[in-house]
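Here's a quick briefing on the fold you're about to look at. Have the viewer open and follow along.

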Amino acid sequence: MRTILITGPGGSGRTTVAAATALAAARAGTRTLLLGADRDDTLGAALGVRTGPRPVPVEPGLTVRRPDAAQGFRDGLAALQDRAASALDLFGAARLDAEELTPLPGADELALLRALRDAALAEDAGSPELVVVDLPPAPRALALLALPEELRRYLRRLLPPERQAARALRPVLGRLAGVPMPAESLYEAAARWDLELAAAEAVLADRNTVVRFVAEPGPAAADALRTARLGLALRGLRADLLVANRVLPEDAPADSWLAGPLAQQRKALEEWQGTYDVRTVAHLGRDPRGTDDLAALHAPGAGQDVTPVEWPVTDRLADDGVLVWHIPLPGAIREELDLVRRGDELVVTAGPFRRIVPLPSALRRCTVDGAALREDTLAVRFAPDPRLWPRGR
């Protein structure tokens with residue numbers, strides 16, 4: 001299964017382009033599922049059909065769905081209350097009824113990730129060959145893409161799976177303390193959440209998953225794209241295309257009011273073509289509505305394979321006595337970079353983004369010897385720690 005995650009600056013028309021992309025792929029013969037994250041039915045407005053939590057066929061080969069974050073949140077919290085019933089009773093806590101539950105911030109993102117995971121795991125004859133996801137605007141989309149990895153890390157720190165001894169001793173400790181200890185179901189729930197998050201993380205990291213940017217050519221979009229590209233690189237995710245949306249016609253009269261916006265778009269497109277694989281979508285002169293308008297946009301379909309992102313380690317022990325970890329960070333600024341070694345992890349800060357990444361096994365036996373940013377790549381040098389490095393190496 002291939003996955004295209006579509007995002008871009010707010011107001012760029014990403015929902016319309018996502019719908020047009022899915023339509024183009026379906027008409028090319030690919031079974032396509034279109035997923036949306038907006039609570040408002042923006043996808044339905046573009047497609048000309050009403051969408052919701054149940055899959056809705058648009059035309060042969062194309063199905064659209066908008067997960068219901070509210071229902072998913074109510075079901076999940078109700079199940080959690082059932083598993084924690086003994087602890088709630090101990091402290092005299094009153095259970096919440098389903099009717100009084102409203103989704104917390106982040107529920108929409110979790111519902112969308114769950115729907116994406118379910119589509120990837122589907123194995124029936126009608127399962128999609130391509131999933132197109134209409135993500136939120138770029139800042140929220142980057143936070144959503146980071147969610148599975150971050151939540152798994154929090155779970156491992158708060159409820160480490162290695163606590164087998166604590167599980168065995170829990171009945172004894174409970175009798176000594178006079179109160180029930182955390183139930184086994186808590187650890188079982190954590191293991192189940194970790195498995196679900198791992199499945200979503202695997203879909204995002206899969207070589208057949210790409211992020212596609214949509215932007216209207218102009219100075220503001222250029223700044224937003226540079227920031228989004230950096231955040232994407234720090235996550236090790238792949239971008240395939242930049243769709244320049246609402247491009248004005250080149251044959252506009254030179255003395256018309258379009259001359260200024262057209263010159264601005266031309267300049268932005270020239271700059272983008274040196275950095276991105278750019279595809280243009282023309283301005284129809286109106287908001288696209290329905291499949292006929294979407295087809296008239298001639299949006300790019302599934303696209304070609306994209307080279308996986310790699311963070312290679314170079315062995316320069318013989319020449320310089322160091323190992324070098326190369327981290328691609330296009331658009332990074334030296335003054336906005338920060339590195340902190342924390343045990344077997346490296347905390348990397350690039351602009352407004354931060355990621356905690358585990359060190360490759362060889363680098364865990366080393367100390368950080370320095371770092372340099374050259375040609376959009378952060379090179380971190382590691383010197384072997386004599387106390388941990390094998391003799392003779």
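On a 1 Å grid over the protein atoms alone, a pocket is an open set of points with protein on both sides within 12 Å along at least five of seven lines, while a cavity is a set of points where a 1.4 Å probe fits but cannot get out; lining residues have an atom within 4 Å of a point. Grid points are joined across faces, edges and corners, and a volume is the space filled by probe spheres set on the points. With that in hand, the second largest pocket holds about 400 Å³ of space.

This is a predicted model, so local features need pLDDT of at least 70 and side-chain atom pairs count only at pLDDT 80 or more, while totals for chains, interfaces and linings use all residues. Residues are numbered from 1 along each chain as its sequence is written, and side-chain values use heavy atoms, with hydrogens and water left out.

**The chain overall**

- The protein chain has 12 helices and 15 strands; these are DSSP runs (helices H or I, at least four residues; strands E, at least two), numbered from the N terminus.
- Of its 393 residues, 42% are buried, where buried means under 20% relative accessible area, exposed over 50%, and partly exposed in between (1.4 Å probe, protein chains only).
- The accessible surface comes to about 20700 Å², and 54% of that belongs to carbon and sulfur atoms; areas come from the Shrake-Rupley method with a 1.4 Å probe, and for residues only the protein chains shown count as cover.
- Among contacts with a separation of 6 or more, 69% are between residues 24 or more positions apart; contact here means heavy atoms within 4.5 Å.

**The 8-strand sheet**

- This open sheet has the order β3-β4-β2-β5-β1-β6-β7-β8, with mixed pairing; two strands pair if DSSP finds at least two bridges between them.
- β3 (56–59) and β8 (278–282) are the edge strands, each pairing on one side only.
- From one strand to the next the twist averages 25°; axes are lines fitted to C-alpha atoms, for helices over the stretch in contact, and angles run from 0 to 180 degrees between N-to-C directions.
- β2 (residues 32–36) runs parallel to β4 (residues 62–65), with 4 bridges between them; one to look for is leucine 34, whose bridge partner in β4 is valine 64.
- Helix α5 (residues 107–121) packs on the sheet against β1 (2–7), β2, β4 and β5 (130–134), pointing at about 170° to β2.
- Helix α10 (residues 259–273) also packs on the sheet, touching β6 (209–215), β7 (239–247) and β8, at about 170° to β7.
- β6 and β7 are parallel and joined by 4 bridges, and alanine 215 has alanine 244 in β7 as its bridge partner.
- β7 is mostly covered, with 7 of its 9 residues buried.

- The order here is β11-β12-β13, an open sheet with antiparallel pairing.
- β11 (337–342) and β13 (353–358) are its edges, each pairing on one side only.
- Neighbouring strands are turned by 15° against each other on average, direction ignored.
- β11 and β12 (residues 345–350) are held by 6 bridges, and leucine 337 stands opposite alanine 350 in β12.
- Helix α6 (residues 138–158) lies across β11, β12 and β13, at about 45° to β13.
- Helix α9 (residues 219–234) lies across β12 and β13, at about 15° to β13.

**Pocket and cavity**

- The second largest pocket is lined by 18 residues, and the closest to its centre are Glu149, Arg355, Ile356, Val357 and Pro358.
- α6 gives the most to that lining, with 5 residues; α6 and β13 each supply at least two.
- There is 1 cavity of 30 Å³ or more, and the largest cavity holds about 40 Å³.
- Arg2, Arg207, Asn208, Val210, Asp305 and Val306 line the largest cavity.

- Threonine 16 is in helix α1 (residues 14–27) and counts as buried because its relative accessible area is 17%.
- Beyond its neighbours within four places in sequence, threonine 16 contacts Pro288, Leu294 and Leu297.
- Arginine 226, in helix α9, has 46% relative accessibility, so it counts as partly exposed.
- The C-alpha atoms of arginine 226 and alanine 332 are separated by 8.8 Å, though the two residues are 106 residues apart along the chain.
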